[in-house]
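Please open the structure in your viewer and keep the selection tool at hand. The stops below say what to select next and what is there.

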Amino acid sequence: PSTIRGQKDQIILHFHSCHLIHYLRLSHHLIILNYLICTFDKLKSVSSEDINITDAVFDGVEVRVFEPPAKRDERLKRSVVYIHGGGWALASASILYNNLCRIMAESLNAVVVSVEYRLVPEVCFPEQFHDALRATKHFLQADVLAEYSVDPSRIAISGDSAGGNLAAAVCQQLSKDEHLTIRPKLQALIYPVLQAFDFNTPSYQQNMNMPVLPRYVMINYWIDYFNGNYDLAHSLVINNHTALDVGQALSFRGRLNWTSLLPSSFKKNYKPVIQTTGKAEIIQEIPALLDVRAVPLLAENETLQLQPKTYILTCENDVLRDDGVMYAKRLEHAGVEVTLDHFDDCFHGCMIFTIWPTDFSAGIQTRNSYIKWLDENL
């Protein structure tokens, strides 16, 4: 316990140091934080050495491909396109997620394509979305799938957190592409971030100060993603950007009514925070707040009806819990088969904490459940 506390204190110290460096204008704090994550992640992989790992470029986007060895009499393998999390700004296919993708490839005997989309502050929305979409569409071409011996009818698109956001947005876009001949069979979203409309859902209120992802950190990730101004953070916290007098938001309000989309066990005694008057200029300054490519939960029903069979994993101790639960309910209402896999004792980001010294039972538990669903449905 003392060792874990010490490591946690070091991470917190590094995090504050990053912000100090940013405020001193020596560098962007996200660049420094990413460097520290990469340094902290120099850990030995526990997966099989049999997995062949290669780096490639799919339509200008870097990817890392994990291929299990061919088995006797096996012609084609199933596959997962994986989009990593990190607030659109941190981590990479080779850092933090290398081990998860190796284990997925080994456990599922599947080709896993991990997308190395560009990060904030190098680029902002919609470039991360475009990177993920281009890489996925490239992979879905018949000749590319044949090169990797992948069965075109057994492909999933998946991601966690901000990667879950990108996976959902890409899946929606692919479903509307009339020229696409090969489409994902499944989507699997791990504690996805899906909306920036309401920062006072019950899970945002309940977990506003929860470690790993407090509410103010998630709002700052959104601001960075949209290349916005941190001065807007307070207005976003109190939902000034979607007040009743903000006309641009009115048509979306019914698509994110948590009083009807959440079960009573999640709503508890929390009350909606809906301002009568707000700041319409926020939406004018950051129109992406209502862009479904950034906020897939706000998609229209006609788009949701086109989505494939879906898995959504949520954690109780997570501000994003209700994003996933509401998306599951909206997809269900649209006629999509959905598995909502909720964990009462887990926290945001837990699935990447599976290697010593951060080998938490929550990480093992969620990872095993996620892989089991893919194995049974892909």
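Begin by selecting helix H15, which is mostly covered, since 10 of its 13 residues are buried (buried means under 20% relative accessible area, exposed over 50%, and partly exposed in between, with a 1.4 Å probe and protein chains only). The model is predicted, so that local features need pLDDT of at least 70 and side-chain atom pairs count only at pLDDT 80 or more, while totals for chains, interfaces and linings use all residues. Residues are numbered from 1 along each chain as its sequence is written, and side-chain values use heavy atoms, with hydrogens and water left out.

Helices (H or I, at least four residues) and strands (E, at least two) are DSSP runs, numbered from the N terminus. The 13 residues of H15 (residues 321–333) should span 18 Å at 1.5 Å a residue, and this agrees with its end C-alpha atoms, which are 19 Å apart; the expected span is 1.5 Å times one less than the number of residues. Among the buried residues of H15 are Arg321, Tyr327 and Leu331. Just after H15, Gly335 takes a positive phi of about 95°.

Next, select strand E4 (residues 110–116), where 6 of the 7 residues are buried. Strand E2 (residues 61–67) runs antiparallel to E4 and is joined to it by 5 bridges, with Val63 having Val115 as its bridge partner in E4; two strands pair if DSSP finds at least two bridges between them. Strand E3 (residues 77–83) runs parallel to E4, with 6 bridges joining them, and Ser79 has Val111 as its partner in E4.

For the last stop, turn to the aromatic rings, of which the structure holds 14 pairs. Phe199 and Tyr204 make an edge-to-face pair, because their ring centres are 5.5 Å apart and their planes stand at 80° (rings of Phe, Tyr and Trp, the last by its six-membered ring, pair if their centres lie within 6.5 Å, and planes under 30 degrees apart count as stacked, over 60 as edge-to-face and the rest as tilted). Finally, select Trp88, Phe125, Trp222, Tyr225 and Phe226, which ring pairs link into a cluster.
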